[in-house]
Amino acid sequence: MRKLVVVALILLILLGGGAIAFLVYRFTRKPLPTTVGWKAYVTTVTGNGSPLELSDPFGVAVGADGSIYMTDAGEHNSIQRIAPDGSITRIAGGVEGFLDGVFDKALFNSPSGLAVAPDGALIVADTGNNCIRRVSLQGETSTVAGNGKTGYADGPARQAQFNGPIGVAVDTRGNIYVADSYNDRIRMITPDGQVSTVAGKGTPGYADGNRSNAMFDTPSGIVVAPDNSLIVADTGNDRLRKITPDGNVTTLPMTDLSSPIGLAITHDNFLYVTELDRSRVVQIAPDATTRVVAEDVHFNQPTGIAIDPNGRGPAKLYVADSGNYLVRKLDPTPTQTAATLIDPLPKLTNETLREPRLIWPVAPQESPHEVIATMGEVRGSFDSTDSRHHLHSGLDVFGAYGDTARAVRSEKVTSPLANWGFDSLNEGFRVGVVSYIHIKVGRDKDGKMFDDPRFMPVNDSAGKLVRVRVRRGARFKPGDAVGAINKMWHVHMNIGPPGGEINPLSLSPI
């Protein structure tokens, strides 16, 4: 501390009092303890709720100067910077592809997690390209690790292989940690360019233990704790996992989480977590007590989360509100801004979707089909063993058992866990805006997998198919087969994220 003061006095002479006063404050102040159980005031930082402005906001990070960085995947495939004065610039990307270069000459494919390196550069999980990328402060994008091919291989960084990495974190020594989501592993990239596996057996499952025996299911978020252990959002297992420096994996004791995905951690070990399914942000204290900071009244499928490193006391948080196509700020105190008045529901129209009309999810896709139900009907299930009643949201398009359900628009998978209900009547699959329900995802009526690498089979120890996975970033085009109609004898089609659906007939003519 005495050396810092001496340096400060020298700089005071050279630079003047105002500059050095800031430096002394910056280097000598102590962070205040995190406030327990604070409630957030939510405002919008950027986005208007339309996928035209933000296509798929996912990762968020905050630089030392207060700049907010975000990944915008979907149709934008870019990295953007929100400066402290509120101005927004695209600093890298803009077109789908894979290429290093400066500013918009660099190409990405579904960039997801984002982290700030010790030198201020951005580390990006380039999910669709199976790579980890670096964007320097000068706007130069380079590939840190990965050869672009889907697979699993440790070793020299440019020969290493990943499978849809989604989460990244960086420690103070410059080591990069990767949630290698569809390899179900946690990987490390050293500053000298070597890739190794930190933990994970390599198949989706759940098991604590040493680095070789531990199992994860679609890990999608990761953060480095103050003690250099890793905290992992084990999204498919609805759990948070801890990895010690020696590779031992344990489960953190909180139990009430649903698809955790985004992680941020304070200096005193308070975690902030976004929950994809419940659309909320929670604070987890060191004693594992979980408190809700903000709920789904404000959010729809939040993903990335970051803490403002320049704040004191109750943290200011930034969250990618992916389902609403927004980036939001969570403040401990009210702020006077018109942003609080923005309707959080997504704005989905023919114009914002760039679709003059939708085609049908069954063949022939350009011809009329029977519509069984329309949005707003309260109804029961077709299944006599399941008599639930619910408010129907979407459109039922008749199709025979075993008919192929087909994509109706060009879009990419946004969620790390895009499909659900394997082998049930309510099995379904959400690509981006459009969901297809009551189908055998990626399979024909007999359960045989399509010959399509976008659909990844998961088999049990006896070789029986027990699950199908679809990577975030996988693109589907109109007419692509997404599955076979099951015994519900129709495709239920939703337009919009969960809780933000619109009537598909509003996109007429259909």
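## Where Trp489 sits

In which loop is the place of Trp489? Trp489 is found in the loop between β40 (481-485) and β41 (490-495), where helices (H or I, at least four residues) and strands (E, at least two) are DSSP runs numbered from the N terminus. With a relative accessible area of 42%, Trp489 is partly exposed; buried means under 20% relative accessible area, exposed over 50%, and partly exposed in between, computed with a 1.4 Å probe on protein chains only. The C-alpha atoms of Trp489 and Val397 are separated by 8.7 Å, although these residues are 92 residues apart along the chain.

## Basis of the model

The model is predicted, so local features need pLDDT of at least 70 and side-chain atom pairs count only at pLDDT 80 or more, whereas totals for chains, interfaces and linings use all residues. Residues are numbered from 1 along each chain as its sequence is written, and side-chain values use heavy atoms, with hydrogens and water left out.

## Aromatic pairs

Rings of Phe, Tyr and Trp (its six-membered ring) are taken to pair if their centres lie within 6.5 Å, with planes under 30 degrees apart counted as stacked, over 60 as edge-to-face and the rest as tilted. By this rule the count comes to five aromatic pairs. One of them joins Trp38 and Tyr272 in an edge-to-face arrangement, at 6.1 Å centre to centre and with 65 degrees between the planes. Because Trp38 belongs to the loop between α2 (17-28) and β1 (41-46) while Tyr272 belongs to strand β21 (residues 271-275), this pair ties together parts that are 234 residues apart in sequence. Trp38 counts as buried at 6% relative accessibility, and Tyr272 counts as buried at 0%.

Phe429 and Phe476 form an aromatic pair that is also edge-to-face, at 5.4 Å centre to centre and with 70 degrees between the planes. Phe429 lies in strand β34 (residues 428-430) and Phe476 in strand β39 (residues 475-476), so the contact ties together parts that are 47 residues apart in sequence. Both Phe429 and Phe476 are buried, and they belong to one aromatic cluster together with Phe450 and Phe455.

## Arginines over rings

A charge is said to sit over a ring if NZ of Lys or CZ of Arg is within 6 Å of the ring centre and within 35 degrees of the ring normal. Arg187 lies over the face of Phe162, at 4.7 Å from the ring centre, and the charged end of Arg328 sits over the ring of Phe299, 5.8 Å from its centre.

## Salt bridges

The structure holds 34 salt bridges, each defined as a side-chain nitrogen of Lys or Arg within 4 Å of a carboxyl oxygen of Asp or Glu. Glu75 is partly exposed, with a relative accessible area of 41%, whereas Arg475 counts as buried at 19% relative accessibility. Glu75 and Arg475 are also linked with Glu96 and Lys412 in a network of salt bridges.

Arg187, already described over the ring of Phe162, forms a salt bridge with Asp154, the closest N and O atoms being 2.8 Å apart. Asp154 is in the loop between β10 (140-145) and β11 (155-156), and Arg187 is in strand β14 (residues 185-189), 33 residues apart. Asp154 is partly exposed, with a relative accessible area of 35%, whereas Arg187 is buried, with a relative accessible area of 0%.

## An open antiparallel sheet

Four strands form an open sheet in the order β16-β17-β18-β19, with antiparallel pairing; two strands pair if DSSP finds at least two bridges between them. Because β16 (219-224) and β19 (249-251) stand at the edges with a single partner strand each, one side of each is left without a neighbour in the sheet. Strand β18 (residues 239-243) pairs with β19 in the antiparallel sense over three bridges, and Lys242 stands opposite Thr250 in β19.
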